[in-house]
Amino acid sequence: MRKQTFLFLIAAVLLFPFLGNSQEAEKKEADHSYKPLKVNLNEDGSKYIRFITWHQLWLEARSDQKGIRHSIRRSRLLAYAQISPRFLILTHFGLNSLSADNLTANPNSQTANNRSLLFLHDAWAEFAIEPGKLHVGSGLHYWNGISRLSNQSTLNMMTLDNPGAGNSDVRLFPWNNITTSDQFARHLGIYAKGSLGKFSYRIAANNARTNVGVLGATPTYQVDNAIGDGVWNYAGYFKYDIFDKESDKLPYLVGTYLGKKKVLSIGAGFFHHPDALAVNDLNNRESVTHFAVDAFYDAPLNENLAISALGAYYNYNYGDTDGFSTGGLVPSSGTVVHGQLGLLFRKHNVMPYITYNTSNMDFTPNNSDELGLGLNYFINGHFAKITAEYTTGTKGATGAESTNIFRLQTHIFL
């Protein structure tokens, strides 16, 4: 039954770019033109408020569960205002991964489940000290280390989601701090960002959220703002654009430009959380340190084809004492190597892609691998698209069996 479900979904996805083509040939092409939701605050439009909203809706079938599941992967609303040439304010809220397993009958009275509730993703304000070169801001922000994918926009990914689909030991591993020191890939802190020619930077000092684990012989988080231990961490990401310069007005880096730009970006980043962990005694402190390097190439090849490729190496370190296990997205010290490649058929608005990552985590005896195959159908660029993705992989535990996941996503943003 599971095999039939997978085959049915895969067949449907292979057909969806072509559904209705015979009828469309007889009709005038639909008007998909779109103007941003922008309210000008002065006559020349240099002062404005911009609104963005998006939904990503999933159908999912897995080899380790019966039947098909539906979920809202993301439902978001973002607004930012350029209220003067030197001031910018941004607010972003929404929800993630709302499914039938975590719906709440009466959200007004819920106590244990927060999936049904909207929450703040970003809330920050920024001042341009030297416009373009040095901007400083503070709040709940997304100006992250350690890699390009750690700063990725969810509006224009080439893949269905950030890598780490759930088949291997590492889940959504570029967002390495989720469940440890941040609020869903955002930290509360102060940042600086800017560009010097084709070199761009982002650095941040963050007040880590309180996270107090069970003290013992293996490292655990002992971040306590009440007593002031291990409460600050530091992050940065630096990159150089060899061809076209990418915008850094907002922190969200583009997944693919669909052949509209020629970008070759080389980057490196870090995250350091001193004294975040303790072993046996609160005075016996150890630090968390991560770093990554990556390369991103996204460009038209000719009038018919465009390419998007990314390669990255991640190194995660949770203290000097063996045995740390967060149970989170990146469960222990270790390394991850990731690559992804997509080819856009520009005249047909179809982009097949492949992803692969391998991880070597300390908490399992074997390496863990994940392979993904996907297909994007762009109805109106990133504004309206359908993505199908099949992933397969094995965790690093001895005797672990491979798992398969098939997801179909409808993505619309305005």
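Let me start with a hairpin: strands β3 and β4 form one, with two residues between them. A strand here is a DSSP run of E of at least two residues, numbered from the N terminus. This is a predicted model, so local features need pLDDT of at least 70 and side-chain atom pairs count only at pLDDT 80 or more, while totals for chains, interfaces and linings use all residues. Residues are numbered from 1 along each chain as its sequence is written, and side-chain values use heavy atoms, with hydrogens and water left out.

β3 covers residues 68-84 and β4 covers residues 87-99, and the two pair in the antiparallel sense over 12 bridges. Two strands count as paired if DSSP finds at least two bridges between them. One of the bridges joins Leu78 to His92 in β4. On β4 there is another pairing, again antiparallel, with strand β5, residues 119-130, over eight bridges. There, Ile89 stands opposite Ala125 in β5.

Next, charged side chains. How many salt bridges does a search of the whole structure find? It finds 10. A salt bridge means a side-chain nitrogen of Lys or Arg within 4 Å of a carboxyl oxygen of Asp or Glu. Take Arg148 and Glu246, whose side chains meet at 2.6 Å, N to O. Arg148 lies in the loop between β6 (134-141) and β7 (187-196), and Glu246 in the loop between β11 (232-241) and β12 (263-279), so this pair ties together parts that are 98 residues apart in sequence. Are these two residues buried or exposed? Both Arg148 and Glu246 are buried, where buried means under 20% relative accessible area, exposed means over 50%, and partly exposed is in between, with a 1.4 Å probe and protein chains only.

Another salt bridge joins Lys239 and Asp241, at 2.9 Å, N to O. Lys239 and Asp241 are both buried. Salt bridges with shared partners join Arg148, Lys239, Asp241 and Glu246 into one network.

Arg148 has a further contact: its charged end sits over the ring of Phe296, 3.8 Å from the ring centre. To qualify, NZ of Lys or CZ of Arg must be within 6 Å of the ring centre and within 35 degrees of the ring normal. Lys38 does likewise with the ring of Tyr48, its charged end being 4.6 Å from the centre.

Last, the aromatic rings. The structure holds 14 aromatic pairs. Rings of Phe, Tyr and Trp (for Trp, its six-membered ring) pair if their centres lie within 6.5 Å; planes under 30 degrees apart count as stacked, over 60 as edge-to-face, and the rest as tilted. Trp143 and Tyr191 form a stacked pair, 5.2 Å centre to centre with 25 degrees between the planes. Why does this pair tie together parts that are 48 residues apart in sequence? Because Trp143 lies in the loop between β6 and β7, while Tyr191 lies in strand β7. Trp143 is buried at 1% relative accessible area, and Tyr191 is buried at 2%.

The rings of Phe291 and Tyr313 have their centres 6.3 Å apart and their planes at 50 degrees, so that pair is tilted. Phe291 is partly exposed at 38%, and Tyr313 is partly exposed at 30%.

One cluster to finish: ring pairs link Trp124, Trp143 and Tyr191.

Terms used
Helices (H or I, at least four residues) and strands (E, at least two) are DSSP runs, numbered from the N terminus.
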